[in-house]
Amino acid sequence: MTPALSLPRKLTNAFMLSLTGVCTALVLGVLFFILGYIAYHGISALDWDFFTKLPKPVGEKGGGMANAIVGTVKLLGLASLIGVPIGFFGGVYLSEYGRKNTLGFLIRYAADLLNGIPSIVMGIFAYTIVVLPMKHFSTLAGGVALGVMMIPIAVRSTEEFLKLVPASIREAALALGLAEWKVISFVVIPTALRGIVTGVMLDLARVAGETAPLLFTAFSNRFWSRGWLEPTASLPVMIYTYAIAPYEDWHRQAWAAGLVLLILVLGANLLSRLILHRQLKG
Amino acid sequence: MARSSINPLTIGVSHRPGVSPADRLFRATVFTMALSVLVITGIIAYELYRNSRLPIEKFGGAFLWSTTWDPVAEQFGALPFLYGTLVSSALSLLIAVPVGLGVAIFLSELAPLWLSGPMAFLVELLAAIPSVIYGLVGIFVLVPWVRNFLEPALSGTLGFLPLFRGAPYGVGMLTAGLLLAMMVVPFIVSVSREILMAVPHSQREAVLSLGATRWEMVRVAVLPYARSGIMGSVFLALARALGETMAVTMVIGNRPEIRLSLFEPGYTMAAVIANEFTEATSDLYVQSLIEIGLVLFAVTILVNALARLLIYSVFTKVEVRE
Amino acid sequence: MKKLIVAAILLISLAGPAWAEPILINGAGATFPYPIYSKWFDEYAKINPDLHFNYQSIGSGGGIRQASESTVDFGATDGPMNDEQMSKAKVKLLHFPTVLGADVPTYNLPEVRGGLNFTPQALAGIFLGTITKWNDPELVKANPDAKLPEKLIIVVHRSDGSGTTYVWVDYLSKVSPEWKEKVGVGTSVNWPVGLGGKGNEGVAGLVKQTPYAIGYVELIYAEQNKMSYGQVQNSAGQFVKADLATVTAAAAGAVKTMPADFRVSITNASGEKAYPVASFTWLLIPEKISDPKKGKAIVEFLRWMLKDGQRLAPELLYAPLPKEVVAMEEQAIGQIKH
């Protein structure tokens, strides 16, 4: 016979379970608070100037972050140029050639290692190999730091999505007489492409918000940064610089920049979920 | 979906006339790129070490337990930063682990499936928010709240403890721990949720059939089974907390001192590098900062490795059992 | 698709602007003169649209370091480089004073209206951590009418390498033997107490947001943010508030004995009206500039700065350079080889 359910046990049960509900409400509450707060302060601060004007001299009101927005786009572009090919082909290797061999194991391990490196340390690395030899800060250095940070996630997500492609598809293509490289390039990869693209998108979103590696690589710039060899302003660094300053107008602009950055990052996350969701369904 | 254990690309290789040059080129490209991942990782470790030579030679092991950070006298010791990093991270875990676990349990055991997925997604969004934005909210919302409400409340009630003594600065170890907790909770939640959902139903049903309440089932059947995986999620969260730079430096007060009270300002390894790197006026100074980066690198790698091991072990346990 | 976007971005940025190619000259350093420098560079860009001076205020320590390593074209500092730093620099750097400024003790006391008087002992004690409360006798003595609360003083200092710090601790070392022995002088020191803020901006930000806090910032930062700041007692015993007149008075004595390399400290200057925590601030220019276009641009800017630039200084509460110093500098510009 099962023992009767005593009151203390019932109470404990109700209490603990509702506690978990409280925790969930707390965590979701924090999320909505942050989003709401930034949306509220950011929207009132966003104006046309923000997107089109350069920053004004210290202490003067107005100006915008046009150069920071372009700077972030350039940095991300350069980062993709470095991170995506290496990450993509690394993933291809791991999935198509290196599933069980030692090199595959080592590369997977290295990717995990890279992923765990704090972003500030990546900044030091890019400083020592790009800024010091070149003797000045540059978009290139910032792009290198961010690009290397992109590699591990690109590798692993490419690998995972390629592995999802069923063996039957590969076998069918080979049976038709296609060369190995054609099978991989024209059959396997296109099948997994959607997933790979979302992986890259998430990767970019993660790296777009990074500030620490840019502090001593891309540095900052009050003007437009031309080409790749000049220092450049970027959204995250501007947010940091403006937030710790005492000027109210700068705080206002920091919220606006925070909102833009958040929309970019969360938008990419939402978009990739939608794409994957549709792929799984259809 | 059955996983073929034979590489489908090499099936029938012996019947093929040979690998074409195009295939060779393709393989070579892929191989080189993949190898570069390894090479880059090696270069990073090497560069960090190479650029830390001066302080390693001058201070040796004492670097790790000296508390002096004096750029004028050129004496550098990393202990205050190690302390700050460890304490702020530990504090964040103290808050994030129970709360995160609570959320994970809610999402895996209580919430209906149609709600659990979207909610889990929302929690993961917390992980996507950039650190500098946490810092932004930290400075303008958390710090005043801690200064005007939390710290006075704590010193009023628990002020006899040395942990809660001192002036309410607003910025300090407590605020940093709170902010970090918010940032690492999603890691605990998403991994623990996966782990909890991987616990086989047989376990739960066995206990329930004996008359346990829902909570007792979780406590007795699910959690112990998932223990190492949850530990793994904790280590993952720890690794993230250890390396956090921007949000921490914006709210921790930036003071290289070891103090017992959580109200006091502190400094972490990542924060000191961010603040002082571009301004270090001597080679020894810069390289001491780089050595701190090296220590941070080593610690995070260790913690990450432990995390993977622990999480992996749960899934192999599941596979073996089923 | 991604490749198309990447190619497009590459093309756009490599193609460069269709308009005239401005020369970008990078500088970094002190936050102390940042407001006047950013005003200058802005104004100068209006006169010479093809020249862009990009100045990042990362602190004097950063200015010295980056200029020494040649990662920037010029540096800026309010703490002059010492002989050891100059010998270690990769290039020979020349100091050029630009304006005079002042460090003020700024505080956040809701109960107190008007400026407080600070004796040297009070300031040294506060920053040493020996004076911990606002109603300490040393402070009350100098401010008998103020309602000083019995609250803990929250000290704020710089977390980065700073010339503003250099000026402040240089002054403290001169007036307090205890400070000189325990802490010393430098752009970055081992502070006995206090929170660290990044840049003058960071310190002002922290003090502004933290009740009962005190910090030291360059005058214009306190003014622009409408923060209270106090009077400091000078060597003649007078409590002096920092402004154009008192800062200029501080430099008057130094003018007669200005060394050829312009490295001089004017803290705790003699004179009834002299403000005791004033300082020159310098641009660090390499003696030899390899790029002739940049070299020409920098030299012309320096000449502009010594004439028209000086006129813009008072508006931002920086005292213009004494005539004699300007004359010396115009001569010294000839040393720059481009």
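**Group meeting: helices and contacts in a predicted model**

Good morning. I begin with helix 9 of chain C, residues 199-209, where 10 of the 11 residues are buried, so this helix is largely enclosed by the rest of the structure. Buried here means that 20 or more other C-beta atoms, placed from the backbone, lie within 10 Å of the residue's own. The buried residues of helix 9 include Gly199(C), Glu201(C), Val203(C), Leu206(C) and Lys208(C).

A word on conventions. This is a predicted model, in which local features need pLDDT of at least 70 and side-chain atom pairs count only at pLDDT 80 or more, while totals for chains, interfaces and linings use all residues. Residues are numbered from 1 along each chain as its sequence is written, and chains are lettered from A and ligands numbered from 1 in the order in which they are written. Helices (H or I, at least four residues) and strands (E, at least two) are DSSP runs, numbered from the N terminus.

Chain C as a whole has 13 helices and 12 strands. Of its 338 residues, 53% count as buried. The C-alpha atoms of chain C fill a box of roughly 65 × 60 × 35 Å along the principal axes.

I turn now to chain A. Helix 6 (residues 139-164) and helix 8 (residues 180-208) of chain A pack at an angle of about 150°, with their axes 8 Å apart. Axes are lines fitted to C-alpha atoms, for helices over the stretch in contact, and angles run from 0 to 180 degrees between N-to-C directions. Helix 6 and helix 8 of chain A are therefore roughly antiparallel, the word used for angles over 145 degrees. Among the residues making this contact are Met149(A) and Phe161(A) of helix 6 and Gly195(A) and Arg206(A) of helix 8; two residues are in contact if their C-beta atoms, placed from the backbone, lie within 7 Å. By class, the contact of helix 6 with helix 8 has 13 nonpolar, 4 polar and 2 charged residues. Ala, Val, Leu, Ile, Met, Phe, Trp, Tyr, Cys and Pro count as nonpolar, Asp, Glu, Lys and Arg as charged, and the others, Gly among them, as polar.

Finally, how many residues of chain A are in contact with chain B? There are 79, and they meet 71 residues of chain B. Helix 1 (residues 7-45) of chain A gives the most to this side of chain A, with 19 residues. The side of chain A that touches chain B divides into 55 nonpolar, 15 polar and 9 charged residues.

Key. Angles under 35 degrees count as roughly parallel, over 145 as roughly antiparallel, 65 to 115 as roughly perpendicular and the rest as oblique. A residue is buried if 20 or more other C-beta atoms lie within 10 Å of its own, exposed if 12 or fewer, and partly exposed in between; C-beta atoms are placed from the backbone.
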